[in-house]
Amino acid sequence: MDLGLTGKVAIVGGGSDGVGFAIADRLLNEGAFVTIFGRRAEKAAAAAEELSRRHGEGKVLGLAADCSNADDIGRVTASTVARFGEAVHVLVTNDGGPPIRPISELTDDVWVTAFERHFYYVVRSVRATLPYMTTEGGSILNVVSAVVQRPAVNMAAPVTVWSAVIGYAQTLALEVGRHNISVNTLMAGLFDIQLVDKMIDRQPELSKDRLGNRVPLGRIGDPREFANMAATLVSPNSRFVTGSVTPVDGGALIGAAFGTPSPPA
């Protein structure tokens with residue numbers, strides 16, 4: 001199925017690895033031009049090199065940028081239009097997650113950093129990108145964790161910050177729809193990425209098989225499965241879908257409603 005992304009220009013945050021890299025790879029496979037960025041210059045460069053190897057030179061721009069830095073976000077957009085032309089058709093905001101700590105340990109500085117990195121990042125990315133999207137229309141996709149709908153101990157910062165992202169995104173959808181711009185949010189469950197590897201390192205009693213057993217489909221997800229959903233939502237063919245908040249979690253949210261044990265954060 002042709003998703004209509006050939007020749008479109010996309011910016012994908014957190015594209016150095018994980019679901020961000022998988023989304024960039026899928027968009028490139030659909031014929032898009034893609035800018036990826038991440039905080040570590042060497043990782044961003046290595047990811048861009050690998051994507052260029054797969055899809056050809058001139059299709060990928062890899063940048064080092066900190067999503068909590070307003071100047072960096074502006075530079076990502078400026079560099080994208082300088083490389084690929086005066087239009088941005090797809091914006092994917094994606095970057096890790098707020099700290100997992102008890103509420104008693106969430107100082108003002110921790111809260112400020114969490115909002116800078118995960119909420120203001122979205123706001124600033126949209127602000128920088130919208131002027132290049134309104135003429136031809138486009139799609140904005142925000143990636144958050146499915147924990148936003150399943151509050152748990154130690155998860156106050158992720159739940160609060162991503163709830164703010166969802167509220168902002170749905171209001172944005174109302175305001176930019178007249179420009180033929182869709183705004184959607186995907187809630188990610190457990191996927192086979194480095195973040196899960198780190199979680200298992202911290203909790204040796206866990207394993208990918210044990211985590212998968214807590215998901216109705218019986219496994220954790222492949223990042224490419226998440227990317228498939230992301231590419232479908234940002235496709236011009238899906239422009240009538242806007243304001244949605246959709247889980248991509250192997251049924252974990254509905255499983256929780258019927259007593260399936262919750263996966264750890």
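**Notes on side-chain pairs**

1. The charged end of Lys59 sits over the ring of Phe33, 4.4 Å from the ring centre; a charge is taken to sit over a ring if NZ of Lys or CZ of Arg is within 6 Å of the ring centre and within 35 degrees of the ring normal. This is a predicted model, in which local features need pLDDT of at least 70 and side-chain atom pairs count only at pLDDT 80 or more, whereas totals for chains, interfaces and linings use all residues. Residues are numbered from 1 along each chain as its sequence is written, and side-chain values use heavy atoms, with hydrogens and water left out.

2. Six aromatic pairs are counted, a pair being rings of Phe, Tyr and Trp (its six-membered ring) with centres within 6.5 Å, called stacked when the planes are under 30 degrees apart, edge-to-face when over 60 and tilted for the rest. The rings of Phe33 and Phe84 have their centres 5.4 Å apart and their planes at 35°, so this pair is tilted. The pair links distant parts of the chain, with Phe33 in strand β2 (residues 33-38) and Phe84 in helix α3, 51 residues apart; helices (H or I, at least four residues) and strands (E, at least two) are DSSP runs, numbered from the N terminus. Phe33 is partly exposed at a relative accessible area of 26%, while Phe84, at 16%, counts as buried, where buried means under 20% relative accessible area, exposed over 50% and partly exposed in between (1.4 Å probe, protein chains only).

3. The rings of Phe119 and Tyr120, with centres 5.5 Å apart and planes at 65°, are edge-to-face. Both residues belong to one aromatic cluster together with Trp111, Phe115 and Tyr168.

4. The structure holds eleven salt bridges, each defined as a side-chain nitrogen of Lys or Arg within 4 Å of a carboxyl oxygen of Asp or Glu. One of them joins Arg54 to Asp25, with the closest N and O atoms 2.9 Å apart, and links helix α2 (residues 41-55), which holds Arg54, to helix α1 (residues 18-29), which holds Asp25.

5. Asp72 forms a salt bridge with Arg75, the closest N and O atoms being 3.4 Å apart, and the two lie three residues apart in helix α3 (residues 70-84), about one turn of the helix. Asp72 is buried at 17%, while Arg75 is partly exposed at 33%.
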